[in-house]
Amino acid sequence: MAEKNRVKAVVEALTEHGAEVEIPGRPGSRSPAVGEPTEPAGPLPPKPDQRGPEPRTPTGRRDGIPPEANGQGGEFLTTAQGLRVRDSDHSLKAGARGPVLLQDHHLREKITHFDHERIPERVVHARGAAAHGVFKGYGTASAVTRAAFLGKDVETPVFVRFSTVLGSRGSADTVRDTRGFATKFYTDEGVFDLVGNNIPVFFIQDAIKFPDVIHAGKPHPDREIPQAQSAHDTFWDFVSLHTEATHHTIWNMSDRGIPRSYRTMEGFGIHTFRLVDADGGTSLVKWHWKPRAGVHSLVWEEAQLINGMDPDFHRRDLADAIEAGAFPQWELGVQVFPDTPDQMFEGVDLLDPTKLVPEELAPVQPVGLMTLNANPLNYFAETEQVAFHPGHLVPGIDITDDPLLTGRLFSYLDTQISRLGGPNFAQLPINRTHAPVNDMLRDGMHQTAVHSGAAPYKPNSLDGGCPFFAGAAEGGYTEAPVAIPAAHKVREAPASFDDHFSHARRFWLSLTPAEREHVIAAYTFELSKVWEPAIRERNLGVLANIDPVLCQEVAAGLGLPAPGPSVPLAEVEPSPALSQLGGEWPVAGRVIGIVAGPGSDLNALRTVRRAILDGGMVPLVIAPNGAPLSGDGAEEIEAQRTFANARSVEFDALLVAGAPAPGDDAKGARDAKAGIAGTAVDPRVRLMLAEAFRHAKAIGGWANASAAIEAAGIPAGSAGVVLADEPRLVWEQITGLLARHRVWDRFPAA
Ligand code: HDE
């Protein structure tokens, strides 16, 4: 506060003609006295109103923030001018039954502000969810970049926004789509934005095609349907005519198009970037985010059901995990390639964003760890108003000539001007850099800075020559002086961009049989929604160029003949790293449903609940109705769900709390019969179990739970169904199954 007041004093003093004052933090300096050239004084301190967001506690609450900063000071309701309001329920009228008076300022202000509460949603990536966190550098990148935030143990605040691409702001979360993964690093050297996706390649090679691919994917222009999905004619028309989209499309049709959670997605910078080391040496890199929780997906039927059950599934999952202290983490890594004149690596053109370099050829080297530890305080102020830009770079990170990237460098600044209402969006709290700002940008809509000085231009003498240019030693950004080969102006792509199928084929060959089965089902589903027969057939022609089995299976599903390939099938080595299966992953944050009834063994239920919590997971008890479970004389157990509002898709595993063997007395026999695992199983429980089984989730139960599992039509001895008398043993095995995410044996092999 003292600093703020000192800076304020300087600002006031500067407005007085001829005043000379010392600049805070710069002993001996003299402010520019208007009309009188003075000695240069070095860069000014940060503008008082351009500090970054205050530090937060892990739950997202900001401690010690002055209430005025949130627009909420004092205990009384006021107008925007601070006038205390006596009544906000009745307009000012000429008599209780008379006309409303126009002179009611509070009424006009309230309604006018409301009328303007909406801003344009993002043209793409409109639907999103975000979180604050911190990035800690390992120091391993220092050999290839001078970027200070990647230094050893350097901690940098971050804000990450995840999104779907096609849907409107209110669309459902678990649609089949690419996901955005945009990270703002508030580094000491300025903001660095890594604006990536969860799929490592893109539909197009040149930014000029972006309006085309998005117009094709968005709802049809006449009726504005379908919302947030690619299963319609215009999308499949475009991707079958513009076959450079083939690689991205097969990723969308794979499990990557329906992530289990934002927490279980990889992130990719897609384009090749250029890193610059302390001596000016350069290398080419691709950025990767690797989730500590593993890469996991939904299955398609589950995703569709969730869209109805809980359209906010991903948004809720992220916020709940952070609130519960299960902070999501990702390692940032780089694939590093030599900066050769041809910018090729092992036959892959590094400037072609529809191609990837297999990790087996260029391993991802970890350079730091990101932890998301705080939810936004206000969705609009932070998640909606955050403005990313791939051109927000820091010293040590530079761009390449990828023609998709170049177009993006134009688009993101341009789009914020219409979305956020003018050129001053960098002053919004969520977009403010944590580095000092002295930018000479002036005025414009929504200007909130009160700039001092008389000379917002360079060179000047009136402001003492301030601000100054920074050389490399002072952190000035220097573009890598790379050679540009002599060329002619052309509208052309290089010949290396012509291969549209070999990478899609490598992806297909790298998947396990269960994953391939999902790809076949996804293409079959989407193409069966295409109305025009010619578009369906044309897409089979594209699939034939990826793989004959894929083409034949999808053709069979559509009831169409399978065409042969129109280009020779590429000979490629599979890349096992592209498959999501095979590993074991941490299970913290998983949601476990426990079906219980009045006869359930409550003691066993308590033990398992405790074990789930101890494992960092979330137990949700599902009871016949909202009443707590009681009856054994010990503490009651609250039910978080009822048979009426629970559906299997909420849970990663489902347990049935069986009833103990009937005692000799009549009560024991009654309890066992009334228990949820008794023979008269509620149809809603049967549905839950059958769905969980179909979606390859782990299922467990103890005591007489087998009755419920049989009633759901689940064959005895099925893979991933754990029944035992001892609840602890059941839970241990279920934990092992969860670590592999799903019971993969239950899917038919392609
Ligand atoms: Fe974007 N993209 N994009 N994009 N993009 C936007 O910027 C654009 C591309 C990505 O959470 C827009 O602020 C063009 C690739 C993410 O706020 C817009 C091209 C990748 C987000 C825009 C691309 C992305 C956006 C809309 C082709 C992955 C959401 C609102 C040259 C590497 C950021 C906005 C957030 C958002 C343009 C292609 C990722 C219109 C012209 C490739 C994650 O400027």
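A helix axis here is a line fitted to C-alpha atoms over the stretch in contact, and the angle between two axes runs from 0 to 180 degrees, taken between their N-to-C directions. Keep that handy for the last stops. One more thing before you click around: this is a predicted model.

**Stop 1: the whole chain**

Show everything as a cartoon. You're looking at 750 residues, and 43% of them count as buried. The chain has 18 helices and 18 strands. Among contacts with a separation of 6 or more, 71% are between residues 24 or more positions apart.

**Stop 2: around the ligand**

Now select the ligand and the residues around it. There are 26 of them, and the closest are H125, R161, G180, A207 and S411. Colour the elements that give two or more residues to this shell: β2 (155–164), β3 (179–187), β4 (190–197) and α9 (403–419). Which of them gives the most? That's α9, with seven residues.

**Stop 3: a pair of helices**

Next, select residues 533–546, which is α12, and residues 548–558, which is α13. Their axes come within 6 Å and cross at roughly 155°. Angles over 145 degrees count as roughly antiparallel, so α12 is roughly antiparallel to α13.

**Stop 4: where the two helices meet**

On the α12 side, pick R536, L540, L543, A544 and I546; they meet P548, L550, C551, V554, A555 and L558 in α13. What classes do you find in this contact? Ten are nonpolar, none are polar and one is charged.

Note on methods
Residues are numbered from 1 along each chain as its sequence is written. This is a predicted model: local features need pLDDT of at least 70, side-chain atom pairs count only at pLDDT 80 or more; totals for chains, interfaces and linings use all residues. A residue is near a molecule or strand if its C-beta atom, placed from the backbone, lies within 6 Å of it. Helices (H or I, at least four residues) and strands (E, at least two) are DSSP runs, numbered from the N terminus. A residue is buried if 20 or more other C-beta atoms lie within 10 Å of its own, exposed if 12 or fewer, and partly exposed in between; C-beta atoms are placed from the backbone. Two residues are in contact if their C-beta atoms, placed from the backbone, lie within 7 Å. Angles under 35 degrees count as roughly parallel, over 145 as roughly antiparallel, 65 to 115 as roughly perpendicular and the rest as oblique. Ala, Val, Leu, Ile, Met, Phe, Trp, Tyr, Cys and Pro count as nonpolar, Asp, Glu, Lys and Arg as charged, and the others, Gly among them, as polar.
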